Amino acid sequence: MRLLSCTLAALLAVFFLTACRDTETYADQKNKERTAIRKFIEAKGIKVISENEFKQDTITDVSKKEFVLFENTGIYMQIVRRGCGDKIKNGESVKVLCRFNEYNLLTDSLILTNNVLYFSSLPDKMTVTNTLGTFTATFINGVMPSAYGSTSVPAGWLVPLSYVNIGRMLKEDDEVAKVNIIVPHSQGTSRALTSVIPCYYELTYERGI
């Protein structure tokens, strides 16, 4: 009987030790996130510039693969095209149409996109309001709210709005705004937040009606 008790105790000890090793803490997940972001930056040859450098001209040189790091949020942003039209003015609420590719940096895989033929006439649409330079937004319809079951717009999507124009293509040479952004989980979707997933977005903005 004593031998059986000792054997059970030993097996339970092994079980609990294994369980402890297999349980990933939030700190572990954040470390994995930081590693994934660093590896992505290194693999893509991205040159990170500071906010002070960026604010001198608010330009990220695409030819040099420049991304600006916003230290307070951990978001990295590259402005590919500033876009036609005007910025969203203080006190203004506008409809904004978005095309995007969403990548999981932990798995280096495409999670979601509306840049496919099926959605060619159905970009994601959101209402955006500028209140003294602070942007808030809600999805009206599209792939993002359908996939995540929420009308909440990732905070990371709002950061570029301070620097790009939100217009419509009315002339032949007009282009909509385009950015690339690295978004840590804290600034991402609800799924990214709960699962600690850093994402990379290729994202365009166009003024809707």
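Reader: What share of the contacts with a separation of 6 or more joins residues 24 or more positions apart?
Author: In the protein chain, 61% of them do. Contact means heavy atoms within 4.5 Å. This is a predicted model: local features need pLDDT of at least 70, side-chain atom pairs count only at pLDDT 80 or more, and totals for chains, interfaces and linings use all residues. Residues are numbered from 1 along each chain as its sequence is written, and side-chain values use heavy atoms, with hydrogens and water left out.

Reader: What is the mean pLDDT of the protein chain?
Author: The mean is 91, and 89% of the residues reach 70 or more. pLDDT is the predictor's confidence in each residue, from 0 to 100.

Reader: Where does pLDDT stay under 50?
Author: Over residues 1-21. The model has zero contacts beyond four places in sequence for that stretch. Where pLDDT is low, the predicted coordinates should not be read in detail.

Reader: New topic. How many helices and strands are there?
Author: The protein chain has six helices and nine strands. These are DSSP runs, numbered from the N terminus: helices are H or I with at least four residues, strands are E with at least two.

Reader: How much of the chain is buried?
Author: Buried residues are 40% of the 209. Buried means under 20% relative accessible area, exposed over 50%, partly exposed in between (1.4 Å probe, protein chains only).

Reader: Which residues touch the most other members of the largest nonpolar core?
Author: Val96, Met126, Trp157 and Tyr205, in a core of 39 residues. A nonpolar core is a set of buried Ala, Val, Leu, Ile, Met, Phe, Trp, Tyr and Cys residues joined through side-chain atoms within 4.5 Å.

Reader: What is Val96 in contact with?
Author: Leaving aside neighbours within four places in sequence, its contacts include Ile88, Met126, Ile166 and Tyr205. Another core lies apart from the largest one. That other core has 11 residues, among them Phe40 and Phe67.

Reader: Now the loops. Where is Val196?
Author: Val196 sits in the loop between helix 6 (190-195) and strand 9 (199-207). Its phi is near 55°, a positive value in a residue other than glycine. Most residues other than glycine have a negative phi.

Reader: Is Val196 buried or exposed?
Author: Buried, with a relative accessible area of 2%.

Reader: And Thr58, what is its phi?
Author: Near 50°, also positive. Thr58 lies in the loop between helix 3 (51-55) and strand 2 (66-70). At 24% relative accessibility, Thr58 counts as partly exposed.
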